[in-house]
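Hi everyone, thanks for coming.

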Amino acid sequence: MVEHLARLTTGVPGLDAILGGGFVEGASYIVQGSPGAGKTILSNQIAFSQAAGGHPVLYVTLLAETHDRLFQSLSTLSYFDNMALGDKIKYVSVFQCLRDEGLDSVVKLIREETQRQSAKLLVFDGLLNARDRAETELDVKTFVAAIQSQAAFVGCTVLFLTSTRLQESNPEHTMVDGVLDLSDELIGERAFRRLQVRKSRGSAALGGFHQFVINDDGVTVFPRLEAFLPAPSIHNPPSSARIQTGVSGFDQLTGGGLPEGSVTILMGPPGSGKTSLGLTFFSLASASQPALYFSFFETPERLLMQAAAFGLKIKPLISSGAAEIIWNPLTENIMDKLAHQLLDAVKLSGVRRLVIDGISGFERAAVTPGRLVEFFASLTNELRALNVTTIMTWEVRNLFGNAGTSPLPDISALLDNLIVIRTEKKDSTTKQLISVLKLRNSAFSPSDFELKFLASGLSIASVDESGTSQIEEG
Ligand SMILES: Nc1ncnc2c1ncn2[C@@H]1O[C@H](COP(=O)(O)OP(=O)(O)OP(=O)(O)O)[C@@H](O)[C@H]1O
Ligand SMILES: [Mg+2]
């Protein structure tokens, strides 16, 4: 039988999932990273979360001054609670004890305080300084082992914070049960923080890097999506139902609409009507089919104006809670943050109609574009499993041309349906021609149709009827 170890939850959004449920109770960890990487903010967040859950914490520092400056900087964070200080979280400096009496006395002092406090969590902020004080490697080993064994004895979890990146051959590394690495790096002009679990005994952690942010709420980690969701979180039998797009005439072409729970890519050049079509699909939101418009380009206000131009009434749907618009401007986004935000919103409202306008918003947020295919595979698999019918727009300049080195073409293999809009200029008129290139498990009409933008909404007309000559290929 597989044993499940008791866990100490961190209270840090995203981190428990990465650690496989939290830290192992009574185990010890090194939290390492360069100055400013976030070790103190992270470990205090865990401490306050434990204290809020009624578990006493001992926070040991090597600060020469009082803890007032530490409290001052922590007081700007939402998790900070003055009331928890002293009673639930006890801050102790062992600076003097270490200087005057050495490591042995520090061990003794920590043992006494841990017992007095009945601490469930011990944070030792400054392992590096303890290392400096140690005369030989053996001393450090003895110190860490002593803290570890007394903590394990009383079921207290230990975090050793250190600001140098310890080599894996360092004795501390081999002794502790886990190592968390926090880093703050530059890629191009952009700085980003990421976390890696380098070692985790007794449990499988999500491997690789996970981006995180520090803001007024402290640390929030965004588990790398393809590691977090290697397979869909639930299993729904595939549906044979159809979901209407609302584009007049289009649903007849596709046997009643898009297959429920399928993912559609809507490709087209700028201004060809991708957003208009997405809004039409979105406007069929109802209490039984909640809709989400996940936008990167247009603001909610502009989307509402654009929808109103086709007579689509979206405001009442938003007021009633049937529809929601989430807008993330194309600034410094984090791809996994976007994905978690999207999936959380989908689950929260039971979204059945989803528009992502457009997928380049994710692509631009990718720090390592090489993982886009895996990322989209796990995102779309999850959306299908949740039975969400999704339209993702994809802006292309040269429809049948080579899209260069962009990894997006690989992504099209992951999709169920492909709809293309082309802009055709003839004489002095511009027409939008729409065609279905792929439709999951369905027959469809492969011809081109004209996409018409009427005050009463979008509709399609056959190319011959609308008076356009046959489109030339090539
Ligand atoms: N409210 C806030 N919003 C955004 N970032 C913040 C906020 N408060 C602090 N930070 C960032 O958190 C970082 C400080 O983190 P912290 O003090 O936990 O680092 P550390 O790893 O403990 O560093 P050291 O090794 O020097 O002790 C700084 O980089 C600072 O920019
Ligand atoms: Mg610190």
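Thr66 sits in the loop between strand 4 (57-61) and helix 3 (68-74); helices here are DSSP runs of H or I with at least four residues, strands are runs of E with at least two, and both are numbered from the N terminus. With a relative accessibility of 53%, Thr66 counts as exposed, where exposed means over 50% relative accessible area, buried under 20%, and partly exposed in between, with a 1.4 Å probe and protein chains only. From the C-alpha atom of Thr66 to that of Ser248 the separation is 71 Å, and these two are 182 residues apart along the chain.

Before I go on, a word on the ground rules. This is a predicted model, so local features need pLDDT of at least 70 and side-chain atom pairs count only at pLDDT 80 or more, while totals for chains, interfaces and linings use all residues. Residues are numbered from 1 along each chain as its sequence is written, chains are lettered from A and ligands numbered from 1 in the order in which they are written, and side-chain values use heavy atoms, with hydrogens and water left out.

Now the overall picture. The C-alpha trace of the protein spans about 95 × 45 × 45 Å along its principal axes. The protein has 17 helices and 22 strands, and 54% of its 474 residues are buried. Its accessible surface comes to about 21,200 Å², and carbon and sulfur atoms hold 52% of that; these areas come from the Shrake-Rupley method with a 1.4 Å probe, and for residues only the protein chains shown count as cover. If you take contacts (heavy atoms within 4.5 Å) between residues at least 6 apart in sequence, 70% of them join residues at least 24 apart.

Which residues have the most contacts inside the largest nonpolar core? They are Leu42, Ile89, Tyr91, Leu159, Leu180 and Leu195, in a core of 41 residues. By nonpolar core I mean a set of buried Ala, Val, Leu, Ile, Met, Phe, Trp, Tyr and Cys residues joined through side-chain atoms within 4.5 Å. Helix 2 (residues 39-52) gives the largest share of this core, five residues. Apart from that core lies another, of 37 residues, including Ala345, Val351, Phe362 and Met392. Back to Leu42: leaving out residues up to four places away in sequence, Leu42 touches Val12, Leu15, Val31, Leu180, Leu182 and Val219.

Helix 2 comes up again at the ligand, where it supplies the largest share of the shell around ligand 1, three residues. In total, 14 residues surround ligand 1, and the closest are Gly36, Lys39, Thr40, Ile41 and Asp216; a residue is near the ligand if one of its heavy atoms lies within 4 Å of it. A backbone N or O atom of Gly36 lies 2.8 Å from an oxygen atom of ligand 1. For Ile41, a backbone N or O atom is 2.7 Å from a ligand 1 oxygen, and for Thr40 a polar side-chain atom is 2.7 Å from one. Taken alone, ligand 1 exposes 650 Å², and the protein buries 63% of that.

Next, the loop between strand 1 (7-8) and helix 1 (15-19), which holds Thr10. Is Thr10 buried or exposed? Thr10 counts as buried because its relative accessibility is 0%. Its side chain makes a polar contact with the side chain of Asp16 at 2.8 Å; a polar contact is a pair of N or O atoms within 3.5 Å, and within protein one must be able to donate a hydrogen and the other to accept it, with residues adjacent in sequence counting only if both atoms are side-chain atoms. The Thr10 side chain also reaches the backbone nitrogen of Val12 at 3.1 Å. Gly11 lies in that loop too, but Gly11 is partly exposed, at 41% relative accessible area.

Last, some backbone geometry. Most residues other than glycine have a negative phi, and most peptide bonds are trans. Here a cis peptide bond joins Asp357 and Gly358, with omega about -5°. Asn387 has a positive phi, near 65°, and is buried at 16% relative accessible area. Asp427 also has a positive phi, about 55°, and is exposed at 82%.
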